[in-house]
Structure formats: C-alpha cells, structure tokens
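Colleague: Could you walk me through a few of the labels here? I'd like to see what stands behind each one.

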Amino acid sequence: MQLHLIDAFTSEPWSGNPAAVCLLTEARPASWLQAVAREMNQAETAFLRRADDGFALRWFTPAVEVDLCGHATLASAHFLWEERQLSPGETARFHTRSGLLTASLRDGWITLDFPATPPHACVTPAELLAALGVPGATVLRSRFDYFVILEDPAILRGLQPDLQRLGRLDTRGVIVTAPSDRPDVDFLSRFFGPAVGVPEDPVTGSAHCALAPYWTARLNRQRLTGFQASRRGGIVRVEQAGDRVLLGGQAVTTVKGSLFSEARNSPRRDSP
C-alpha cells in the first residue's frame with residue numbers, strides 16, 4: 001500500500017505539519033489502523049479507501065482515533081491529486097466521522113470545506129490557566145477544545161505549558177490565540193493536545209474551525225490569514241461561510257514509500 005509523508009499548510013519541506021497518508025487496498029480493523037499510526041508516530045495518520053462517490057477517510061493520532069483533522073485531510077487531498085487518483089479539476093470528497101468533507105485545488109492552494117465549531121462561554125477549569133502558566137485570560141470552549149484568548153502575542157510565543165496537567169483536562173486539546181505581531185497575517189495560535197498523544201501540534205486545521213468564527217467576528221472581516229506559531233509554523237487561510245469554514249493551505253510531499261499489510265519474514269539465520 002502507498003504510504004507518503006506530506007507536510008501540510010506549507011509550501012516548504014520540513015515545515016508546516018507532517019501527516020502520514022496511506023491509501024488502503026482493503027478495509028482494515030481499527031486496531032490495525034491504530035498500530036500503524038503508532039508506528040508512524042506523526043500527529044495524525046490518515047487512511048484513505050476508495051468509496052462509490054469519493055473516499056472514506058479516518059484519522060488516528062499515535063493514541064486515538066479523532067473526529068476531525070484539517071492538516072491530514074489537506075495532506076490526503078494533496079496525495080490524491082499528486083498520485084493522479086483525481087484529476088486537477090475534480091473535487092475531492094471525503095466521508096468521515098464529521099460527515100462529508102470536500103477539497104478543491106486552485107493555483108497550488110487546496111481549500112477544505114469544514115464545519116464551523118465556534119467557541120462559546122464556559123466554566124474555566126481550575127487547572128487550565130495554571131497549566132499554561134498565564135495569570136489571566138479569556139477562556140471559551142469549542143466543540144472539541146478549550147479556547148484561550150491572550151492579548152499579548154509575545155506571551156503566546158513564549159508559552160511552555162505543563163503538558164501533564166493539560167492532559168488531565170476533559171477535552172481533546174487547548175487552542176491558544178492572540179492578535180498577530182506579523183504584518184502578513186491577522187492572528188496567531190498554538191495548539192496543545194497531550195490527552196490525544198500530541199503534546200504540541202505544529203499546525204492544526206480543525207482548530208481553525210473555531211479560530212475562524214472568533215477572529216472574523218472580532219475583526220469584522222470574512223477572509224483572514226492565520227499563523228500557527230509552533231516551532232515548525234504554518235499558514236492557514238480562513239473564510240467564514242455561514243455554518244462552514246473554508247480552510248486554505250498548501251502541501252509538499254517529503255517521503256514516498258510502501259506499507260506492508262503484515263510484517264515481512266525475518267532473515268534466514270544463515271544470512272550474512
């Protein structure tokens with residue numbers, strides 16, 4: 001089976017968010033998919049399988065299967081066009097645990113059509129801000145994550161959270177966001193997901209399903225550009241479209257290989 005490593009939300013190798021993408025030749029049990037994801041040890045491993053009107057798509061971290069993942073979906077779409085599983089003008093259709101997701105390609109940019117997950121007021125867990133090491137901040141919650149708003153981008157960039165304490169929170173992860181200190185982008189973010197085996201995600205497409213409605217409302221603009229300020233970093237274009245969010249990004253393949261469905265035979269004892 002084809003297995004590629006693809007850097008998503010970047011046009012440069014060794015940046016953005018790497019995802020493993022595997023095109024399955026047959027259905028496989030979740031335990032097998034999870035074992036492969038542990039072996040890949042990427043933030044997400046995406047598994048594609050051809051369906052009647054598109055592709056079934058599942059996402060696994062090294063620890064669990066997740067309901068929504070942006071960067072591995074973008075990587076999957078890039079894989080399908082690069083490997084000519086789809087023609088350049090054809091829309092990619094993915095059947096997922098979050099419903100039907102689509103992707104289109106234009107001028108080297110891939111646009112994902114995802115459900116919006118706007119953040120709402122919530123009760124702030126006692127440990128959250130202490131684990132982040134910030135004395136005070138506005139805390140909201142989206143469908144999947146806590147959503148922490150800082151006003152100083154320098155504080156966001158300097159965060160060194162207590163990941164063990166964050167991992168005890170009842171949530172997929174924690175989005176932290178702040179206004180931009182760069183002239184070419186509109187807002188900054190970081191994402192921590194130790195509870196699902198991802199200490200800090202380099203670029204999180206699904207987090208922008210919450211970031212987009214928040215920042216488009218705050219800045220009163222429908223189209224924005226975000227930068228996820230991780231060590232690798234990555235650019236995400238966002239557009240609010242009713243109860244949907246359009247996420248734009250680029251991708252580059254760094255590794256192409258083959259995945260064997262079972263372990264290959266061990267070498268003979270008399271082999272050199």
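**Labels and their cut-offs**

Modeller: Leaving aside neighbours within four places in sequence, Thr117 is in contact (heavy atoms within 4.5 Å) with Ser142, Arg143, Phe144, Ser206, Cys209 and Ala210. This is a predicted model, where local features need pLDDT of at least 70 and side-chain atom pairs count only at pLDDT 80 or more, while totals for chains, interfaces and linings use all residues. Residues are numbered from 1 along each chain as its sequence is written, and side-chain values use heavy atoms, with hydrogens and water left out.

Colleague: Why does Thr117 count as buried?

Modeller: Its relative accessibility is 5%, and buried means under 20% relative accessible area, with a 1.4 Å probe and protein chains only. Therefore Thr117 is called buried.

Colleague: Where is Thr117 placed?

Modeller: Thr117 sits in the loop between β8 (109-115) and β9 (120-121). Strands are DSSP runs of E, at least two residues, numbered from the N terminus. The Thr117 side chain also reaches the backbone nitrogen of Ala210 at 3.5 Å.

Colleague: What makes Asp107 exposed?

Modeller: Exposed means over 50%, and Asp107 has 70% relative accessibility, so Asp107 counts as exposed. Asp107 is in the loop between β7 (99-106) and β8, and has a positive phi of about 55° although it is not a glycine.

Colleague: Is Phe9 buried or exposed?

Modeller: Buried, because Phe9 has 1% relative accessibility.

Technical notes:
Helix = DSSP H or I, 4+ residues; strand = E, 2+ residues; numbered from the N terminus. Polar contact = N/O pair within 3.5 Å; in protein donor to acceptor, adjacent residues only side chain to side chain.
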